Amino acid sequence: MQPNMVKLNTRNQNSFWGILRRMPRAWIGGCLVLLVVLAAVFAPLFSPADPLQQFREGLSATGTPLPPDGQFPLGTDHLGRDMLSRTLFGARVSLVISFIANTTAAIIGTVIGVLAGYYSRAVDSILMRITDIILAFPAILLALGVGAVLRPSIPVAILILTLITWAPLARLVRGQVLSVRERAFVESARCIGARDRRIILYHILPQILAVTIIWATVSFASTILVEASLSFLGVGVPLPQPSWGNMIFEGQTRYRIAPWMIIVPTIAILITTFGFNLLGDAIRDALDPRTSQRL
Amino acid sequence: MTAYLLRRLVGALVVIWGVATISFVLVFLMPGDAARMYAGPRAPEATVERIRQEWGLNDSLPVQYVRFLGRAVQGDLGRSTRDGRPVLQAVIERVPVTIQLALAGLSVELLLGIPLGIIAALRPGSLIDQFTTVLSLVGVSIPQFAVGLVALYLFGFVIPIFPLGGYGVIPIFPLGGYGTIAHLILPALVLGFSGAAFYARVLRSSILEIANEDYIRTARAKGLGARAILNRHLLRNALLPVVTLIGLDLALLLGGVVVIEAVFGIPGIGLQAWTAIRNQDTPMIMGTVLFASIAVVGLNLLIDLLYLALDPRVRLNAA
Amino acid sequence: MLPRRGTFLFLLLITVAMLSSVLVGAQEENILRILSNADIRTSDPHVAYETETWPTSALFYIGLVRWNDDNTALIPALAETYSVSDDGLVYTFTLREGVKFSSGRDITSADVKWSFERMFRPETLSPTSYMFEAIAGVPAFIDGSATEISGIEIVDERTVTFTLQFPVWSLIQRFALPPGFIVPEEAVEAAGDNFARMPMGAGPFMLETWESGVRITGTRNPNYYEAGKPFFDGFEMQLGVEPSIGILRIEGGEADIALDFVPNAEYPRIVADAAISAQLLPTAGFANIDYMIFNTTIEPFDNPDVRRAMNIAVDRQRLVQILNGRALPAEGPIPSSVLGNNSTLTPWEYNPDEARALLESAGVTEGLTVNMLVNTDPTNLSVAQVLVADFAAVGVTVELTSVDNAQFLDTVINQPDTLELVLTNWYLDYPDPSNVFEPLLQCGGSYNWGQFCSESLDGLFATANSNPPGDARWAAFSDVEAAIVEEAPWVFLQHQANYYFTSSRLLIASDPATLLRWDASTLR
């Protein structure tokens, strides 16, 4: 422990933004996220072509997709459509879906997890039973069931993904809350007479924020991929509109004749995941600097 | 303590019942005509109607539900509408295969995830931390089906180290009557690589949090090295969220298992369920759902009990 | 982090496992190694009706007749001779002397009669029994008022006749199909509920083991009616194999053939590779047509001009390109490989401007939005997306609804009024044009999901169908096809050429009835 040395202007340096500004991870992550978001927002500007347009010259004479070159910087797909344009427009769909689904799932999961972990046995029991039911429920069936009742579309895909994602987080959060609840500072807060809501908001939530953010950032990538499996079942983003998920679905079996059909969206997902993860890590560490100190 | 256990058991049964009921309703509501799927599109309507009568499909939802529940409790899960085999037998035959695959996948996840998480935690913010982060994130970001195909192509065909999918039998290792390790390595790797990220990240965060607890500071002050602290004090507690994660992971693993079984041609219940869903084979869907939910719920129960044993604070709270 | 000893043991284990897997996979020269993606749900020829179950039933069973080597005519199989009366009402079969089931028991005409009756029993739940419904006495047998089918008569130990209620000229071809295969009574009784997986017939192989969902093995039938066949000592079928992986296995010599057609994604690569392109085997059976159905009861598709316009709007050459050249543009519903097809017709010529003009004059406004239903088959999805683009270019916006096959069938069969456009395919069971018209285009046809109905066309069809096989029949059907094309109840797309992929050592032929000639297969 450092002795209390007086430093000038300590307040700025140790504030949240101050810490964040000094982390290289925040910058790299931030830039990557910005890159992806800008690509999505300005997709029409950056795309050399209409993502739905099937070019005559986009296929070889025998009808196979073209590798990256000239007119098609990232190659074409099996219908002669430009991969770059589809990736950019796909970013819109995939980012929106994944972001909304994960954020909603994170909120629902955290709320339920906190309530279950903090409150009495009865509340805990009921909430956890519901969570367990969703957890034990085969995701495929859930996806098909919902997709069968409602026509497949982007909002439906978001709904399905949210349903699948919230339960594991709820359980994880509950576990964390159970551990945190017994810690000294919470006990003391209760002793002073602090109200439940205050305890939850100011003492417990910050502790579990770490887990939630980690989960959300890792889950972000897997959600995009789950959307690919939804396409397998016919309840993903309806074709021909591109999403990274259904681009992977269409390219999967063509890994030998046109590997770029899978590689391109996968790299896009990787960049996005990495960026969000770095940023998320940095934010979490800035909130709670202790986690960045060495053991 | 026994009261707690009993409560958890009852809770588990409630969950299984809940899953079964919701599944049944969903399958019932799903458009698709099981009788038509069996008879094929070219059969005349009269034949299809006959099949419907025989399978009791014309009865209302509550009637069919009660019938299903009544039989299920007695152990009769009906017959597959696709090939007429008893569902219970069909599922039991293939469950060991999926269990092997799931366990293998889980092992890979832990074998990869835990070390990655520890390494990343030892040097937070460093290059190694970043590298392990990237590695684990790659796992989550790659599509399993495609990776499976490519892996089989590269390591089964181009460089033939592993068999091209399938599920062989070796006399030396019975392993429940099936399975060779060689056939399971590649599928387990693909299955596990994807999920290792979750474990790595959660463990890393967990370690770093606990690292700042008072008792760790005390150990530090006593002069213990990082390794010793890790082994003696930290890991036990840091692993707790990981244990929870295993419980959740099971449901996710079972989802991944379907894809892996399809790519590698492994005859487990994942593939069976997939076929059942596509053919509206209601008894088989329900049978598999029941089994899967029992497995997940049962294992989560075990995990909760494990938590009880590992974390005294939870134990006190439970009592 | 494992202790050193543990690591060493672990590596040893892996090495042993891998070595053993290599040993176990060692080739047995004379075993036919088959792969299938789908699980074989049944080998019962009266129940089988899928691309993978038909060839499977042909491993164990055979019927009275079969196709010859050129696939041009039917020749006797279990029967020694057969004849059809001039009026087409009586079919007479005489079994070969001493022909037996694989169990060694002689096959008699009583077995033939029992087998056909069994197909019609309600508990058999046969989806294909309708193929023989024209036999006299069948309705009475089905509703229980008769205990036997009066139209099937046992003349003597080896001779049996089938008498029809009315002539069905394509019937003789159906005897070569699995529904016409002979199934022994004692095998069905003995197996009970499990008969689907305990086959016993007169086919080239006998069952050895059946591990559901995993593997089926068989050995040569010593009592097969043709001496010297089958060449192979036995077969091994592995189930649940992903088609792309199956191709790899066959390429590597680990397997001989897969029951699944070569997937779209693999075809261009194989065809371009001189080393393996010879291993592609075109299917002789399953002539087919890809087409898009209009719901002819709703506007604007009740107007033939609109339907013709949409036919003109489609770039069929592009579709062929998308299918890597593996298709022929369709000029009408009858595949060109089937007699009765009109060879003077050509596919509608692609002309988006003319299509637009025609649509306008038919009163279709720009901005017409319709829905197209399609299943999740990847090829259909590709074709559908091309159509969406083509129709968009002439001012018709099409939204795709892609659903799983179960839901697809449920929608088209049970909710036909909700349909607007449907993309689908049809595979012929036997190479006769009636197999296209009856189910698909006749008023009230079981597969006529677009509810297309034209009394005059039905009349034309009935006249054409009354001709026995011969030039008159083919000419009459040619005219029917021309009339259909004029009406344009569908957008006619293409006929796909489907291929099997075989290993370099295997020599096997394809036949229109069961797709693969197992008994004649040999090594090169």
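The following legends describe views of a predicted model.

**Figure 1. Confidence of the predicted model.** The model as a whole carries an ipTM of 0.82 and a pTM of 0.86. In chain C the average pLDDT is 89, and 94% of the residues reach a score of at least 70. Residues 21-26 of chain C have a pLDDT below 50. Beyond near neighbours in sequence, that stretch makes three contacts in the model.

**Figure 2. Chain B, a chain of helices.** Chain B contains 13 helices and zero strands. Its pattern along the sequence is accordingly written α-α-α-α-α-α-α-α-α-α-α-α-α. Of the 319 residues in chain B, 58% are buried. When contacts between residues at least 6 apart in the sequence of chain B are considered, 71% of them join residues at least 24 apart. The accessible surface of chain B amounts to about 12,600 Å², and carbon and sulfur atoms account for 71% of that surface.

**Figure 3. The interface of chain B with chain A.** Chain B contributes 68 residues to this contact, and chain A contributes 56 residues. Between the two chains an area of about 5,800 Å² is buried, with 70% of that area given by carbon and sulfur atoms. B:Ser141, B:Glu209 and B:Leu248 together supply 10% of the area that chain B buries against chain A, more than any other three residues. Helix H1 of chain B, spanning residues 2-29, provides 11 residues, the largest share of the side that touches chain A. The count of salt bridges between chain B and chain A is zero. One residue pair is in polar contact between these chains, with both residues at pLDDT 80 or more.

**Figure 4. The interface of chain A with chain C.** Here 27 residues of chain A are in contact with 27 residues of chain C. The buried area between chain A and chain C is about 2,200 Å², and carbon and sulfur atoms give 49% of it. A:Gln54, A:Arg56 and A:Arg256 supply 25% of the area that chain A buries against chain C, more than any other three residues.

Figure 5. On the side of chain A that touches chain C, helix H10 (196-233) and helix H11 (244-251) of chain A each supply at least two residues.

Notes. Residues are numbered from 1 along each chain as its sequence is written. Chains are lettered from A and ligands numbered from 1 in the order in which they are written. This is a predicted model: local features need pLDDT of at least 70, side-chain atom pairs count only at pLDDT 80 or more; totals for chains, interfaces and linings use all residues. Side-chain values use heavy atoms; hydrogens and water are left out. Helices (H or I, at least four residues) and strands (E, at least two) are DSSP runs, numbered from the N terminus. Buried means under 20% relative accessible area, exposed over 50%, partly exposed in between (1.4 Å probe, protein chains only). Contact means heavy atoms within 4.5 Å. Accessible areas come from the Shrake-Rupley method with a 1.4 Å probe; for residues, only the protein chains shown count as cover. pLDDT is the predictor's confidence in each residue, from 0 to 100. Buried area is the accessible area (1.4 Å probe) that two parts lose on being put together, summed over both. A salt bridge is a side-chain nitrogen of Lys or Arg within 4 Å of a carboxyl oxygen of Asp or Glu. A polar contact is a pair of N or O atoms within 3.5 Å; within protein, one must be able to donate a hydrogen and the other to accept it, and residues adjacent in sequence count only if both atoms are side-chain atoms.
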